Structure formats: C-alpha cells, structure tokens
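Before reading on, please take a moment to look at the sequence and the model side by side. The report below is meant to be read with both in view.

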Amino acid sequence: MSILVDKDTKLVVAGLTGREGSFHGLNNRRYGTDLVAGVTPSKGGQDVEGVPVFDTVHAAVQEAGANTAMVFVPPPAAADAILEAADAGVELVICITEGIPAHDMLRVYTHLRRDERTRLVGPNCPGILSPGKANVGIIPAHFFSEGNVGLVSRSGTLTYQIGNELAQRGFGNSTIVGIGGDPVVGSSFIDVIAQFESDPETELIVMCGEIGGDEEERTADYIAESVSKPVVAYIAGFTAPPGKTMGHAGAIVSGSKGTAAAKAEALEAKGVRVGRNPTEVADAASEALA
Amino acid sequence: MDLLEYQGKQLFARHGVPIPEGRPAATIEEAVIAADEVGYPVVIKAQVLIGGRGKAGGIKLANDREEAERHAKAIIGMDIHGFTVHQLYVEKASDIAEEYYAAVVFDRGAKQPMVMLSRMGGMEVEEIAEKDPTAIARLHVDPLVGFQAFHGRRLAFESGIAEDVIRPVGTMLERLYEAFVGEDAMLLEVNPLLVTGDREVVALDAKVTLDGNALYRHPETAELRNTGAEDPQERMARERGLTYVKLDGNVGILGNGAGLVMSTLDVVAQAGGRPANFLDAGGGSKAEEISNAVEVILANPKVTGVLFNIFGGITRCDEVANGLITAFGSLDISVPFVVRLDGTNDEEGRRLLADADLPNVHVEKTMLEAASRAVELAGEAPPEDADRPGPSAGADPDADPEQ
C-alpha cells in the first residue's frame with residue numbers, strides 16, 4: 001500500500017506541451033506512472049510522445065479516464081487550472097507551480113474545502129512519490145525505494161536529503177508527499193499524516209516542517225490525539241531572522257510567531273522526537289523502527 | 001513587499017479610504033513647497049520601513065515655513081534604527097479626538113482574511129492586547145463572500161467605539177477590505193485610525209505589505225519597491241534572479257532548495273559558526289547561475305569562508321562544480337570554500353573539482369562534516385550586532401483567540 005498515488009493513478013498533466021510539463025510528465029511516465037493525457041487549450045488532438053492532448057480537463061477525464069491531475073502551468077493561470085481540474089471531477093490535484101498569488105489560493109482553498117470531492121496537494125511542492133508504484137511531480141525517484149517510512153514535507157531538497165539518509169540506513173518509503181512551501185496549501189501535515197495513519201504499509205512517519213505559520217503546532221496536537229504510529233520530526237529555520245522570507249513564500253517568522261523553536265517545542269511537548277539536523281532525524285527514525 | 005507610509009496612503013486613497021491631505025518630498029526644498037501647498041500647521045514625517053520613528057525624532061510638527069524647513073533638514077538623512085531617511089511626507093496636522101486601531105490581516109492559520117478593530121489605537125497591537133484584550137474585536141471573512149455591512153457593524157459594536165462614528169468606521173473597514181483584496185495585500189494596518197474634533201474619520205498612518213507573488217498584476221505598485229532601503233547584496237541578488245537574504249555572520253552559504261538552505265544555516269550555527277546569508281540557487285541551476293551567486297556571496301565583505309551544500313535532484317552536481325570553476329576563473333577569490341555535493345551526478349562533480357584543483361577548495365562527504373569544516377576554515381565571526389532582534393518564542397498576543 002501507499003497513499004495518494006499508486007498503480008491506479010491515471011494522470012493528466014496541465015501544461016504537458018510546455019518545456020517543464022513535458023520533461024517531468026514524461027519522466028513520471030518512464031517511472032511507471034500511467035500518464036493518460038495532457039491538457040493545453042487549442043492544442044487538443046495533438047500528442048506528446050504518444051500521450052493525447054486535450055483542450056479541456058473535462059475531455060481528458062471523459063475520454064482518457066484521468067483521476068489525478070498535475071498542474072505545471074505558470075502562476076497567473078494556476079488557480080484556474082486547479083479549479084478546472086476540480087470542476088472536471090479529478091480526485092487529486094497536485095500543483096507544482098511556485099509563485100501563485102496568496103489571495104488566489106485563499107479562494108481555491110475555500111472552494112475545495114466546501115466540495116470535498118477533490119484533494120489538492122501543493123502548490124509550490126515537488127509532488128508525490130510512491131516508490132515502485134507511481135511518481136507525480138519532480139521528486140528524483142532513483143534515491144528512493146519501497147519501504148515503511150511515510151515522509152511528508154514542506155520542502156523539496158530537504159526531503160531528498162532526509163530520504164537519502166534513511167536509504168543509507170536501509171529504509172525505504174511507502175509514500176513521500178511534498179505539501180508545499182506557500183502560506184496557503186491544499187493539504188496540511190494533518191491531512192497527510194491521517195492518511196499515513198490508516199495506511200498499513202506505513203510504520204513510521206517523518207514530518208519535515210519549517211518556519212512560518214502554525215501548522216506544525218496544530219499537527220503536534222493532532223498527533224497526540226489521533227496518531228498511534230511513531231512520528232519523527234525535523235524543523236528547518238532556527239537561524240532565520242524575523243520578517244524575512246526564506247525562499248519559500250510561507251517561510252517567514254512574523255514578529256514572534258512561526259519560529260522553529262516554538263514548533264520544535266510544541267512537537268516535543270506532545271512526545272514527538274525532533275531531530276536537530278537531517279542526520280539526527282534519520283538516526284531517530286532507525287531507532288524508532290528497531 | 002512593504003510600502004512606505006505615503007505609498008500606503010496613496011493606495012488607500014485609490015480605494016476611497018479617507019486620509020489627511022499630504023505630499024511626499026525627497027528634498028528640503030520639496031518639503032517646504034509641499035508644506036506651503038498643504039497649509040500650516042503641517043507634520044513632517046520620516047518615511048522608513050521601521051516602527052518607532054516618532055520616538056526617534058522622525059515626526060515633527062511645523063507651524064510655519066521656517067519650522068518646516070528646519071524639521072525637514074533635521075529629518076532627511078537621519079538614521080532611524082539602521083534605516084536612513086531618503087523620503088519625507090508632509091501632511092496637514094490633524095486634531096485628534098479619538099485614536100482607534102484597524103487592520104486587515106492574511107490569517108494563514110485560518111486561511112481567511114481577518115479584520116480587526118480596536119477602540120485603543122496609537123500603540124502596538126500587542127500592547128493593546130496586553131492592556132485590555134476585550135478592546136480588540138476580530139472577525140474572519142469568507143473570501144468567497146467578502147466583507148459585508150454586518151461585519152462592519154459587529155466589529156464596531158464589539159470593539160466599543162463611539163456611537164456617532166460607527167457608520168463611517170464601518171465604511172472605512174469595507175474599503176480597507178476592498179483594498180486588501182484588490183491590491184493583493186498580506187497586511188493593511190491603520191494605526192491610529194483617527195476621529196477628528198469634527199468627528200471625521202481618517203487613516204493617520206498606513207502600514208501595507210503586499211504579496212510579492214501578485215505584483216505581476218499590479219505593475220504600478222511593483223515600481224514602488226524601495227530600492228534605497230534595500231541591502232546592496234540583496235538588491236544585487238534580486239537583479240540576478242537569486243533568492244538571497246543577508247544575515248550577520250561570516251560563513252557564506254549556497255544551497256539548492258529553500259528548506260535545505262535553511263537547514264544548512266542551522267547546521268552551521270550548531271557547529272559554532274554564524275551564517276552570512278541565505279542563498280537558494282534553486283532547482284536546475286546552471287553553471288552561470290552558480291558563478292553569479294558566488295559573486296553575490298563574496299560581495300559581502302564580512303564573508304571569510306563559503307559553504308556549498310548541494311543535494312542534486314533536478315540540479316546536477318557537475319553543473320554546480322562547473323559553476324564554481326567558472327567563478328574561480330573570473331573572480332579574485334581569496335576565502336576558503338567547502339563543497340559538499342550529493343545526489344545527481346555527484347561523482348562527476350567531485351571529479352571535475354579534483355581535476356580543476358582550485359586553490360583552497362575543500363570537498364567534504366556529508367552535510368555535517370562540511371558545515372564543521374566551513375566553520376573551522378572561516379574562523380572567528382565578527383562581533384554580534386547587539387541591536388539585531390533575535391527570533392523569540394515568546395507570547396503571542398495577536399493570535400486568533402479562537403485557535
């Protein structure tokens with residue numbers, strides 16, 4: 001088992017005819033993901049290396065049976081692309097695009113939460129990889145193998161770093177989920193951890209947070225109340241000064257709010273082990289699984 | 001992106017939020033002309049992106065031309081908590097009957113805008129919350145419904161403002177909300193929101209933060225970026241399309257991916273060093289971008305050593321190595337470099353570096369080893385800046401009470 005993406009994933013890529021969209025979409029197909037369609041308005045009827053392109057997501061769902069959409073379009077068009085996929089009945093939308101205006105995401109988020117048919121992961125995320133089953137996004141799959149560690153993170157490369165340290169200790173992953181570095185993302189740590197909790201293959205959950213917002217603090221409460229599996233956490237940004245955006249639009253300490261120290265404390269107070277660096281996280285994970 | 005007070009007020013005015021009459025001025029002469037036009041008494045206000053300018057002597061009342069000139073002369077060029085005053089705002093003096101507080105904030109926890117109103121203004125919102133938590137009314141607005149008249153009434157009644165100004169304050173909140181959405185703001189703060197002796201309601205100050213990701217649809221506001229207030233290296237980095245934040249240590253940092261770079265800074269601090277910057281070279285960095293980034297890092301004179309921490313996913317380690325080799329070819333580099341390359345094409349990258357045999361470049365295998373080595377080679381950090389505020393995990397007075 002795994003969560004969110006697997007052998008049943010039928011992927012449509014919004015922006016498949018673009019440079020990034022075709023590079024990563026085809027890369028995902030080579031990994032074994034069932035890439036059934038692309039969508040680019042006015043390019044319907046064409047194909048990208050044999051993958052049919054449609055004018056609308058609705059057509060891709062009706063004619064190619066897509067159930068998962070990856071959004072790879074530029075920021076001004078991304079909110080629209082997410083809403084189109086949701087309107088077409090796609091169950092899971094994964095948005096890789098970085099730089100979507102925060103107000104657009106407020107509207108998208110509020111709308112999607114009202115109609116629970118569609119789950120959004122991202123934006124500004126590396127995607128989701130279920131090793132050995134499916135890869136949707138830009139995660140370099142060759143570092144990861146099948147296993148029992150569920151990994152959820154606000155950051156891409158940091159996830160690869162931690163995943164790789166786990167791999168060196170002989171651990172693989174059920175699924176790796178990048179939830180994204182924006183202030184408003186479709187799925188929270190809690191949403192993903194709830195899935196890992198009910199996934200029989202996942203025996204340990206590693207969560208990788210960073211400065212900004214209060215999602216990690218809320219997650220600490222949730223873990224204490226509702227998660228039976230061991231959780232190991234990492235928080236990045238202890239040295240970040242207040243008021244500065246550290247790369248990710250959502251990674252900002254506002255006054256005294258959103259600090260790494262507060263997050264680590266909140267998690268530790270609820271019994272979650274927090275590693276001080278990626279190596280300590282991998283060590284703690286090994287111990288928890290020993 | 002933060003706006004200066006006068007820029008924020010111009011934005012307010014576009015959305016029908018009442019403001020006192022005023023004019024920006026960049027020189028003493030302009031300030032005097034502006035004061036004559038506005039009519040005395042006027043207030044001369046330093047335009048800087050930091051609070052506490054009143055106490056620092058950056059806001060002064062002038063009753064005539066001679067006073068206006070004297071105050072303008074004193075304020076322009078003055079240093080306010082590390083920010084030099086390049087710009088003044090000359091504003092008609094207001095007579096103050098009541099000072100309230102109003103704000104619209106992007107509440108990322110609730111994922112809704114939150115509108116706040118308080119009958120106590122003219123002090124920091126944290127201070128209001130401490131003095132009298134009941135004095136602040138807060139309300140979330142459904143972004144798909146928008147601000148309604150009842151929101152304004154509820155806030156007005158619950159905050160306990162004077163009965164006779166409930167309607168105009170409600171109208172101001174409605175317009176502030178329109179501005180918040182229309183301008184893609186992350187924060188609009190009016191402190192104080194003034195009720196004059198004639199019972200007129202105006203925004204006496206304006207604190208505005210806009211979403212940098214939305215500037216493409218507000219080209220006129222995008223031009224307002226306060227390049228004068230920007231750190232020179234941060235400006236250089238922005239012009240080169242690099243994500244860079246200057247810090248106050250001496251270990252220059254380059255990594256790929258925001259999370260990994262933050263983690264690198266932390267690991268350097270754990271090893272006893274102090275990072276000089278955050279620099280995310282981004283995914284898929286090419287040699288030229290790496291070489292550009294090295295130039296930005298080394299433009300900071302405090303840097304006495306540099307750490308490269310790369311975990312290649314889309315980024316290829318051989319490209320990073322080539323970038324570093326290019327940088328050594330074109331720049332005069334005298335500080336030690338520690339390089340850790342892992343992930344895509346890492347062996348190729350390390351081989352390129354070994355073949356190039358760059359002076360004082362050290363390759364380490366793991367992130368932790370690389371951090372320790374970089375700290376050791378960079379040597380002692382310069383003395384700590386005493387007035388730089390550190391992050392604290394203290395009280396959280398303006399948090400939403402419902403959370």
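The model is a predicted one, which should be kept in mind throughout.

**The sheet of chain A**

In chain A, 7 strands form an open sheet whose order is β3-β4-β2-β1-β5-β6-β7, and the pairing within this sheet is mixed. The edges are taken by β3 (47–48) and β7 (119–121) of chain A, and because each has a single partner strand, one side of each is left without a neighbour in the sheet. Elsewhere in this sheet, strand β1 (residues 10–14) of chain A runs parallel to strand β2 (residues 34–39) of chain A, and 5 bridges join the two. One of the residues to look for here is A:Ala14, whose bridge partner in β2(A) is A:Val39.

**The sheet of chain B**

Chain B holds an open sheet of 4 strands in the order β2-β7-β3-β4, with antiparallel pairing. Its edge strands are β2 (22–25) and β4 (59–62) of chain B, each of which pairs on one side only. On average, neighbouring strands of this sheet are turned by 20° against each other when direction is ignored. Within the sheet, strand β3 (residues 42–46) of chain B pairs with strand β7 (residues 88–92) of chain B over 5 bridges in the antiparallel sense, and B:Lys45 stands opposite B:Tyr89 in β7(B).

**Helices on the sheets**

| Helix | Strands | Angle |
|---|---|---|
| α2 (residues 28–38) of chain B | β2, β3 and β7 of chain B | about 15° to β7(B) |
| α3 (residues 65–75) of chain B | β3, β4 and β7 of chain B | about 165° with β4(B) |
| α3 (residues 75–87) of chain A | β5 (68–71), β6 (92–95) and β7 of chain A | about 175° to β5(A) |

**The cysteines**

How many disulfides does the structure hold over all chains? The number is 0. A disulfide is a covalent bond between the sulfur atoms of two cysteines, and the cut-off used here is a distance within 2.5 Å. For A:Cys95, which is in no disulfide, the nearest cysteine sulfur is that of A:Cys125, 7.1 Å away. A:Cys95 has 0% relative accessibility and therefore counts as buried. A:Cys208 is likewise in no disulfide, and the nearest cysteine sulfur to A:Cys208, again that of A:Cys125, lies 14 Å away. With a relative accessible area of 2%, A:Cys208 is buried too.

Conventions
Residues numbered from 1 in each chain as written. Chains lettered and ligands numbered in written order. Predicted model: local features only at pLDDT ≥ 70, side-chain atom pairs only at ≥ 80, totals over all residues. Heavy atoms only, no water. Pairing = 2+ DSSP bridges. Axes fitted to C-alpha atoms, helices over the stretch in contact; angles between N-to-C directions. Contact = heavy atoms within 4.5 Å. Buried < 20%, exposed > 50% of the residue type's maximum accessible area, 1.4 Å probe, protein only.
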